[in-house]
Amino acid sequence: MGTALFVLLWWLALFGWWILLVGTNSGLELLAGGCAALLAALLALGLRRRGLMRYRIRARWLVKALKVPWRVVYECGVVFGALGMHMAGMRRMSSRYRAFEFPAGGTDPESRGKRAVAAVADSISPNTMPVDVDPEHGVALRHELDPRRSSNSMP
């Protein structure tokens with residue numbers, strides 16, 4: 001794919017995402033979105049030239065990610081329940097950062113794809129937010145709002 005086409009496709013995707021998230025088409029918002037999308041597309045081009053945008057995603061990882069919608073519903077209940085108990089004074093809400101074992105692999109495209117799918121799937125749920133995945137030590141770090149109801153693995 002040519003450089004101009006690569007930048008154009010990234011710009012279109014990111015600009016469209018900006019419009020979708022902002023929800024308005026006022027001139028200043030469109031200008032800001034266009035500039036932000038251009039900067040991000042140029043950043044993607046720089047990453048591509050350094051060879052850092054090579055990913056290989058296996059279908060079985062995406063099949064495992066099909067559990068994410070159920071997990072979102074479940075964790076919304078967990079977060080609202082913990083917030084309700086905190087507001088009622090029944091139990092103090094205490095979040096934490098937790099490291100757990102995650103076989104992240106190396107720097108090959110397949111390992112990068114595995115980390116990307118797992119991090120995106122884990123970040124969608126409201127109770128957990130992945131912070132970092134260390135491929136050298138095979139450890140993932142994430143923030144958990146209600147640690148009592150968090151799983152010990154990433155999707």
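**Rings, charges and a sheet**

Trainee: Where does the charged end of Arg48 sit?

Mentor: The charged end of Arg48 sits over the ring of Phe6, 4.4 Å from its centre; a charge counts as over a ring if NZ of Lys or CZ of Arg is within 6 Å of the ring centre and within 35 degrees of the ring normal. This is a predicted model, in which local features need pLDDT of at least 70 and side-chain atom pairs count only at pLDDT 80 or more, while totals for chains, interfaces and linings use all residues. Residues are numbered from 1 along each chain as its sequence is written, and side-chain values use heavy atoms, with hydrogens and water left out.

Trainee: And what lies over the face of Phe102?

Mentor: That is Lys114, at 5.8 Å from the ring centre.

Trainee: Back to Phe6, is it buried or exposed?

Mentor: Phe6 counts as buried because its relative accessibility is 8%, where buried means under 20% relative accessible area, exposed over 50% and partly exposed in between, with a 1.4 Å probe and protein chains only. Trp10, by contrast, is partly exposed at 31%.

Trainee: How many aromatic pairs are there in the whole structure?

Mentor: A search finds 3, with rings of Phe, Tyr and Trp (its six-membered ring) pairing if their centres lie within 6.5 Å, and with planes under 30 degrees apart counted as stacked, over 60 as edge-to-face and the rest as tilted. One of them is Phe6 with Trp10, whose centres are 6.1 Å apart and whose planes are at 50°, so this pair is tilted. Both residues lie in helix H1, 4 residues apart, about one turn of the helix; helices are DSSP runs (H or I, at least four residues) and strands likewise (E, at least two), numbered from the N terminus.

Trainee: Why is the pair of Trp11 and Phe15 stacked?

Mentor: The ring centres of Trp11 and Phe15 are 4.9 Å apart and the planes are at 15°, so that pair is stacked. Trp11 is partly exposed at 26%, whereas Phe15 counts as buried at 16%.

Trainee: New topic: what order do the strands of the open sheet have?

Mentor: The sheet has 3 strands in the order S1-S3-S2, with antiparallel pairing, and two strands pair if DSSP finds at least two bridges between them. The edge strands are S1 (96-101) and S2 (128-134), each pairing on one side only.

Trainee: How many bridges join S2 to S3?

Mentor: There are 6 bridges between these antiparallel strands, and Val133 has Ala140 in S3 as its bridge partner.
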